[in-house]
Amino acid sequence: MASGREAVIVDTCRTVFGKRGGALAHWHPVDLLAFTLTHLVTRTGVDPERVDDVVGGCVTQVGEQSTNVARNAWVAAGLPQSVPATTVDRQCGSSQQAVHFAAAGVVAGHYDLAVACGVESMSRVPLASNARGGTGPFPPSFMEVIDGRLWTQFRVAQVLADEWKITRQDMDEYALESHRRAAEATDSGHFAREAVPVPIKDDQGTLTDQLLTTDEGIRRDTTLERLAGLAPAQSWEPDTAPDITAGNSSQMTDGAAAMLIAERSVAERLGLRVRARFGGFAVAAEDAAIVLSAPVPATRKLLERTGMKIDHFDAIECNEAFAAIALMWTRAFAPDPDRFNPRGGAIAIGHPLGASGVRLMTTLLNHLEATGGRYGFQTMCEGGGQANATVIERLA
């Protein structure tokens, strides 16, 4: 490791998010990420020739998102082709892992400037479409190790809800609050600091004169009664996940996000704004069949590594893949509710898988700046029973 090097966040942004089949459905995912990268370069004023690498997250790397979507987006944006790019897959944590890789490269001396980003078009590249072909991704050897428990995430969320004594009412109440907080962040103009409006394209891919200016998935009119009336999302086996509904689960979404990471002295020399530093990283994994549980051990690992405690964090983001997962985390660590997902989360804003890691960190940093907070913490569950965890420190 290069001595004395420090990785910092120069700037970070995301698109507004569109519902699956909604306003952004006619954007090719390469172009949606290219749009976001262009915006990041423009608003930072960085010379794109100086970027050493682009690390992008994407989960469903097939079809329009195949063949290194991060590189394709950088080129499609008309940015310097001398800058390389790669695409990583740590499932829902892909772009959070992209941040880890980029920051680690800066600290190690491999990069002075790097972009971490992510994209997912769940309209155009359906979830699990990359699992087709041959006999599928899970051979008998894998199935034997996990005792045949290849369950849907709905069922896993129910298993964890039962284990942590989380009720259907708990989850519905949590979901309602997510929408309320996200709507408030929108109406106050808070999200305008991070969410870039996106022109709407028609079904031929041609730009129209319309603009998506806010996250499309926020349900302002939902009520606890409406949420309570929803049927199980796993309609084909409702008895195995009776409390998990579309209302208390994250939304399938289209969106992209991007962050410029720099070595601190390099950023200062180039006159780039320094917004935050990285205070710690961890990854963890456990039972590969119970694919959503690892935020708990990842958090414990990072707390042990940094010597920090939960009450040191002025804001916490735990991805709302399901209300059950966010509530599992609160059962384990008892955070101040006002500091936990304070601007709402994926239940309301949406969860474009490959973009969500950078989206969470973007929201986290903007909240710290708006409230004068210092330390932020982020974690999220990931397929395969894994999780990433990150600490950032806002710099005045």
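Arg14 lies over the face of Phe17, at 4.9 Å from the ring centre. A charge is taken to sit over a ring if NZ of Lys or CZ of Arg is within 6 Å of the ring centre and within 35 degrees of the ring normal. A further case is Arg155, whose charged end sits over the ring of Trp151, 4.2 Å from its centre.

The model is predicted, so that local features need pLDDT of at least 70 and side-chain atom pairs count only at pLDDT 80 or more, while totals for chains, interfaces and linings use all residues. Residues are numbered from 1 along each chain as its sequence is written, and side-chain values use heavy atoms, with hydrogens and water left out.

Aromatic rings also pair with one another. Rings of Phe, Tyr and Trp (its six-membered ring) pair if their centres lie within 6.5 Å; planes under 30 degrees apart count as stacked, over 60 as edge-to-face and the rest as tilted. By this rule there are nine aromatic pairs. In one of them, the ring centres of Phe154 and Trp236 are 6.3 Å apart and the planes stand at 65°, so the pair is edge-to-face. This pair links distant parts of the chain, 82 residues apart: Phe154 belongs to helix 5 (residues 153–163), and Trp236 to the loop between helix 7 (224–228) and strand 9 (253–263). Helices (H or I, at least four residues) and strands (E, at least two) are DSSP runs, numbered from the N terminus. Relative accessible area is classed as buried under 20%, exposed over 50% and partly exposed in between (1.4 Å probe, protein chains only). Phe154 is partly exposed, at 23%, whereas Trp236 counts as exposed, at 52%. Elsewhere, one aromatic cluster is formed by Phe313, Trp329, Phe333, Phe340 and Phe377.

Trp74, in helix 2 (residues 69–76), counts as buried because its relative accessibility is 0%. Contact means heavy atoms within 4.5 Å. Leaving aside neighbours within four places in sequence, Trp74 is in contact with Leu37, Val41, Pro48, Val51, Val54, Leu79, Pro80, Val83 and Val115. Trp74 and Val30 are 44 residues apart in sequence, and their C-alpha atoms are 8.5 Å apart in space. His100 is placed in helix 3 (residues 94–108) and is buried, with a relative accessible area of 8%. With neighbours within four places in sequence again left aside, the contacts of His100 are Phe281, Ala282, Val283, Asn388, Ala389 and Thr390.

Strand pairing was assigned where DSSP finds at least two bridges between two strands. Strand 10 (residues 276–285) runs antiparallel to strand 1 (residues 7–15), to which it is joined by two bridges. Ile9 has Ala276 of strand 10 as its bridge partner. Strand 10 is also joined to strand 13 (residues 386–394), by nine bridges and in antiparallel fashion. Within this pairing, Ala285 stands opposite Gln386 of strand 13.

Asn68 has a phi of about 65° and lies in the loop between strand 3 (53–57) and helix 2. At 25% relative accessibility, Asn68 counts as partly exposed. For Ala128, phi is about 75°, and this residue lies in the loop between strand 5 (113–121) and helix 4 (140–145). Ala128 is likewise partly exposed, with a relative accessible area of 42%.
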